[in-house]
Amino acid sequence: MTRQLASVIGGKEAAFGTPYDSINPARTTEVVARVGLADAETFAGACRVAREAQREWATVPAPVRGRVIASIGRLVEANTEALARLVTEEIGKPYAEALGEVREIVDTCDFFLGEGRRLYGQTVPSEMPDKNLFTFRVPVGVAAVITAGNFPVAVPSWYLVPALLCGNAVVWKPAEYAAASAHALYRLFTAAGLPDGVLNIVFADGAATFDGLSAALEEGTVDKVGFTGSSAVGRRIGELCGRHLQSPCLELGGKNPMVITPDADLDLAVEGALFAGFGTAGQRCTSLGTVIAHSSIHDEFLARYAAAVEKAPVGDPMGDVVLGPLLDRKFAERFEEYLTWIEPHHTVVSGPTGRITPDNPRGDFTGEGGLYYHPVIVDGVRPGDRLFMEETFGPIVGVTSYDTLEEAIELANLPGYGLSSSIYTNDPKSAFRFRAGIGAGMVSVNNSTSGAEAHLPFGGNGRSGNGSRQSGMWVLDQFTRWQSMNWDYSGRLQKAQMDVAEI
Ligand code: UN1
């Protein structure tokens, strides 16, 4: 029987709402879950419930909250295979990658369970005698977390784990096409001992979420918004939050470049470009957008890259494949549009393009009723081309060439995103110059643009975000605010700046 999933608010199932079917993109006739989408008022109501629950949760000592995070980590780890299988079934991510995604949640919990015992404030010297200064981290309050479905369980955990650890309550709105994976994760979180109302899950479409969030911000029941998704929606969320003097945590798109210098190990670069370009079918925010290869090795790299892509297995994501299907019909439609951006001056070096069907097969593979697409490499992209400038969430990689490192850096920065980047080189000077010149938040040397570790700052600049960072200790600044305290025990009024101690 098909799973029926409704929002859960304050520990209780909400009214079912409008039905939506989350399908298996590898077999589009298979419904993974029937999801009830809530309206805007339900979203705003969940924020009110969270506001109430947060008051109690904030009084739970941080080390005890850390123990809850430890339990979440253990529960997720014990359910690794089941959760990874569900992710693969619902969004078509190859099973090996889905296992990695679940691992990323456990890594996040491992990091933050200890943070419960740290969550340090500071003692700060005063300019006056007999006076002490302190800082404390205080929870922000209620966080509204809106996440995409390409990482349906790991990326939400990057918000939920630190937000909860810091003493906040959360209203989480996952992507509806990844609702079953989100619901399974939600159940594991709450089973670890979170009080009702501290973590709420609301399924809703984009319009209801936006209206519900506007209402909640107006009412003052949301204090922080976390959003992972497209740059266009991120901009709208940023504008909305700005009207309420809030700064959201935005993790948006990328047009992630990979520069290959003349002395690079080309086989290593090909391997990196294969994973970065076509892992998760090119639907990571860290996926490779454009390869910028030195003109002296451009042809050789391209030949090897095309050969590797030709050999890459595409098919059932439960099997040993590089590419499974695209996430969902909406993404498949958009990808078809990106394919129309291929211009006459481009050269497709990877064979056929478009959906894999019996009429457009990939070897023996005919697509079997799934949202499978041919991986595409397009040579000759250049500034001004949409394929060069815009994120193309899907299995397509552009290639261009350069002559000087300065030119490569300029090309890499041109689209105005700034999430991930990579350089393949054996020359440390080039690596460090690239690091200093690139506008991206993340730089890889001799490694793929994808695959950031869970305890380094993750995030971007420009069209990729507003400079906020997730993961590791840096995300604590998203979910706590600094409060300072001064305590004067001199027994007199000592005035700052006016009664500075003299020597
Ligand atoms: C995303 O696609 O939103 O670095 C996140 C990576 C993963 C996370 C991707 N650890 O590719």
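**E251 and its surroundings**

I began with E251 and listed its contacts, leaving aside neighbours within four places in sequence: T228, C285, G459, G465 and Q470. By contact I mean that two C-beta atoms, placed from the backbone, lie within 7 Å. A note before going on: this is a predicted model, where local features need pLDDT of at least 70, side-chain atom pairs count only at pLDDT 80 or more, and totals for chains, interfaces and linings use all residues. Residues are numbered from 1 along each chain as its sequence is written.

I looked up E251 in UniProt, where an unreviewed entry places the feature "active site" there; such annotations may be inferred rather than shown by experiment. E251 sits in strand β12 (residues 249-251), strands being DSSP runs of E of at least two residues and helices runs of H or I of at least four, numbered from the N terminus. Is E251 buried or exposed? E251 is buried, because 28 other C-beta atoms lie within 10 Å; the cut-off is 20 or more for buried, 12 or fewer for exposed, and partly exposed in between.

**The ligand**

Next I listed the residues around the ligand: N150, F151, V155, T228, R284, C285, T286, S450, G451 and A452. To be near, a residue needs its C-beta atom, placed from the backbone, within 6 Å. I sorted this shell into four nonpolar, five polar and one charged residues. Here Ala, Val, Leu, Ile, Met, Phe, Trp, Tyr, Cys and Pro count as nonpolar, Asp, Glu, Lys and Arg as charged, and the others, Gly among them, as polar. Where does the ligand lie? Domain 1 (39-253 + 464-485) and domain 2 (256-445) both give residues to the shell, so the ligand lies between them.

**The two domains**

The bounds of these domains come from an automatic or database domain assignment. I found their C-alpha centres 31 Å apart. Their contact takes 13 residues from domain 1 and 17 residues from domain 2. On the side of domain 1 that touches domain 2, α3 (80-91) and α4 (95-118) are the elements giving two or more residues. That side divides into four nonpolar, six polar and three charged residues.

**The core**

Last, I checked the largest nonpolar core, which has 152 residues; A144, L160, L164, V170 and A273 touch the most other members. This core draws at least three residues from each of domain 1 and domain 2. Such a core joins buried Ala, Val, Leu, Ile, Met, Phe, Trp, Tyr and Cys residues through C-beta atoms within 7 Å.
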